[in-house]
Amino acid sequence: MSENVFDVVVIGAGPVGENVADGAVKGGLSVAIVESELVGGECSYWACMPTKALLRDAAALRAVRALPGASAAVTGSLDPAAVLARRDAFASHWHDDGQVSWLESAGITLLRGVGRISAARTVDVAGPDGHATVLRARHAVVVATGTSARVPHVHGLADAVPWTSREAAAAQTVPGRLAIIGGGVVGTEMATAYAALGSQVTLIARDGLLPTVESFASELVAEALKAQGVALHLLTEPDSVHRDEAGTVHLTLADGTTLAADEVLVATGRTPNTAAVGLEQVGLTPGDWLQVDDSLRVLGTDGTPVGDGWLYAAGDVNHRAPLTHQGKYQARALGETIVARANGNPVDTSPWGRHAATADERAVPQVIFSDPEIATVGHTAASAEAAGIRVRAVEYDLGAVAGAALHADGYAGRAGMIVDEDKQVLVGFTVVGPDVAELLHAATIAIAAEVPIDRLWHAVPAYPTLSEIWLRLLETHGRPPEAAWL
Ligand SMILES: Cc1cc2nc3c(=O)[nH]c(=O)nc-3n(C[C@H](O)[C@H](O)[C@H](O)COP(=O)(O)OP(=O)(O)OC[C@H]3O[C@@H](n4cnc5c(N)ncnc54)[C@H](O)[C@@H]3O)c2cc1C
Ligand SMILES: NC(=O)c1ccc[n+]([C@@H]2O[C@H](COP(=O)([O-])OP(=O)(O)OC[C@H]3O[C@@H](n4cnc5c(N)ncnc54)[C@H](O)[C@@H]3O)[C@@H](O)[C@H]2O)c1
């Protein structure tokens, strides 16, 4: 067994672990990163990149078909083999050489194997060749181990060998019939992708389709999925699943409906990869999400940082905002935090402070790449109310904006903004419609910068663009009374 000492040890080389390591190295610290599968994590090989590649061709085709002159130039149909081949390239053919080279160029030491905390500031690495290494950290250990698909306890489901998001993202053939359990983001995006690739898709959504977004957005996507031939079974769930000898999967739903499919995809949420990272060594329960404070230090059961604050958790594993961009945002803050503490410098975790991941609570942007797309940031009306904020919600028909009508014939979309009526600032924004993803960042800036509504009236959208929705929403809300926010 060999032993090595570094300033920082990171467990998990997904997008978040990589960025924590990079930040610490740039601050002059030595870093070892431990990875048990592929450097780059879920996002690069089985999540963001391959799934968006599966969706992109169908979105482009839809855009062309909404314009009579352009659609005349499109004579064939989608080529699934070409889509899957392009997806393979975006998943780097499931090889991580490129990201390993980047680690090397950044000066980060990679150890292949499973990392496990064995004592304070100590990580044991069980290498694939049976070689064990002990890593000691002078300053910090960071857990960035992400999540795995959660498979619910449904009778017969595990025996039916279901697809998880990994198999859906990496499939080499398109099933004739695909049943999807779960109407969240994964379920909705994969229903969109596989319907376009030619599968007969059935989606079972216990809590309705996309239950956490504004209903005007989820309803438009539900209608569009139905129009694409997707069978929606809402507000019910599977009671039992069985794969017969011929390979057909049979599902019986709680409402008595029976279904048959060639594959079944489970998309019912995630479970943290903490079962084997040695949480018991620090008095925590293996398999639990990691609770963290504002500087991402792991908290013990008494709510105070573990040990003297040497253990951190970033990304999906802390359950704050399980998205790649938010995890990388945490990673940037955490890299600087570890460097500051190592140098005995102060750490600013006040709201919007240099070392605080405040946006995780106030301004999380997300694009759901359904057809039509949904783009959201900050609160919905329901979440603002639950947070005790006095808000006013206004909505507007996006299709009525000149830029939208020009963008596509029959453009159907809608947008809504949530205004904190006491502070007169935007706290939430949702838009649904074809090609709305790039509209989102303006709203993210308005929320993170707390731009007063009165000032937003001076941010004039160009004509004729989709962004004119901003003007219509402001007009619908009306100008705040003078000095209302003082
Ligand atoms: C189907 C799907 C699509 C998604 N699409 C998007 C999207 O479009 N946009 C977006 O922002 N987010 C998307 N997400 C979410 C995104 O994938 C995650 O937020 C992101 O991957 C989290 O990064 P992470 O570094 O925290 O964890 P991960 O990417 O999960 O990386 C963790 C790494 O740790 C390693 N590891 C785990 N345990 C150990 C151990 N004990 N020792 C050593 N290594 C270990 C793993 O092998 C893995 O490489 C999607 C998720 C799914 C499932
Ligand atoms: N474009 C993106 O940003 C993107 C894309 C995909 C995934 N992600 C992230 O990946 C994570 C996982 O997504 P997900 O869709 O798996 O989880 P999710 O939590 O978004 O949705 C899971 C859904 O499954 C349903 N469900 C749970 N148990 C069920 C059961 N037994 N039967 C039927 N339905 C059941 C729930 O009602 C819920 O709506 C999320 O954090 C998401 O943000 C992001």
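**E20 and E21.** I started with the pairing of strand E20 (residues 414-420) and strand E21 (residues 425-433) in this predicted model. They run antiparallel to each other and are joined over seven bridges. I looked up one partner by name: Arg414 bridges to Val432 in E21.

**The sheet around them.** Next I wanted the strand order of the open sheet, and I noted E17-E18-E21-E20-E19. That makes five strands, with antiparallel pairing. Which strands stand at the edges? I found strand E17 (365-368) and strand E19 (391-397) there. Each has a single partner strand, so one side of each has no neighbour in the sheet. I also checked the twist, and it averages 10° from one strand to the next.

**The record for this stretch.** I looked at UniProt, where an unreviewed entry lists residues 364-470 as "domain: Pyridine nucleotide-disulphide oxidoreductase dimerisation". Over residues 364-470 I get 25% helix and 31% strand.

**Domains.** The domain assignment gave me three entries to write down. Domain 1 is pieced together from 2-45 + 91-148 + 271-359, domain 2 is 158-268, and domain 3 is 372-485. I took the C-alpha centres of domain 1 and domain 3 and got a separation of 36 Å.

**Ligand 1.** How many residues surround ligand 1? I have 38, and the closest are Gly12, Gly14, Gly41, Gly146 and Gly315. I then went through the elements giving two or more residues to this shell; among them are helix H1 (15-26), helix H3 (48-65), strand E4 (114-119) and helix H10 (324-342). Strand E2 (31-35), helix H2 (41-45) and helix H7 (165-170) are also on that list. By residue class, the shell splits into 17 nonpolar, 16 polar and five charged. I checked where the shell residues come from as well: domain 1 (2-45 + 91-148 + 271-359) and domain 2 (158-268) each supply at least three.

**Glu475.** My last stop was Glu475, which I located in helix H16 (residues 469-477). Is Glu475 buried or exposed? I put Glu475 down as exposed, because 12 other C-beta atoms lie within 10 Å, and the cut-off for exposed is 12 or fewer. I also looked up Trp457, which is 18 residues from Glu475 along the chain. The C-alpha atoms of Trp457 and Glu475 are separated by 9.0 Å.

How values were computed:
Residues are numbered from 1 along each chain as its sequence is written. Chains are lettered from A and ligands numbered from 1 in the order in which they are written. This is a predicted model: local features need pLDDT of at least 70, side-chain atom pairs count only at pLDDT 80 or more; totals for chains, interfaces and linings use all residues. Domain bounds come from an automatic or database domain assignment. Helices (H or I, at least four residues) and strands (E, at least two) are DSSP runs, numbered from the N terminus. A residue is buried if 20 or more other C-beta atoms lie within 10 Å of its own, exposed if 12 or fewer, and partly exposed in between; C-beta atoms are placed from the backbone. A residue is near a molecule or strand if its C-beta atom, placed from the backbone, lies within 6 Å of it. Ala, Val, Leu, Ile, Met, Phe, Trp, Tyr, Cys and Pro count as nonpolar, Asp, Glu, Lys and Arg as charged, and the others, Gly among them, as polar. UniProt positions are given in the numbering used here, feature names are shortened, and annotations may be inferred rather than shown by experiment. Two strands pair if DSSP finds at least two bridges between them. Axes are lines fitted to C-alpha atoms, for helices over the stretch in contact, and angles run from 0 to 180 degrees between N-to-C directions.
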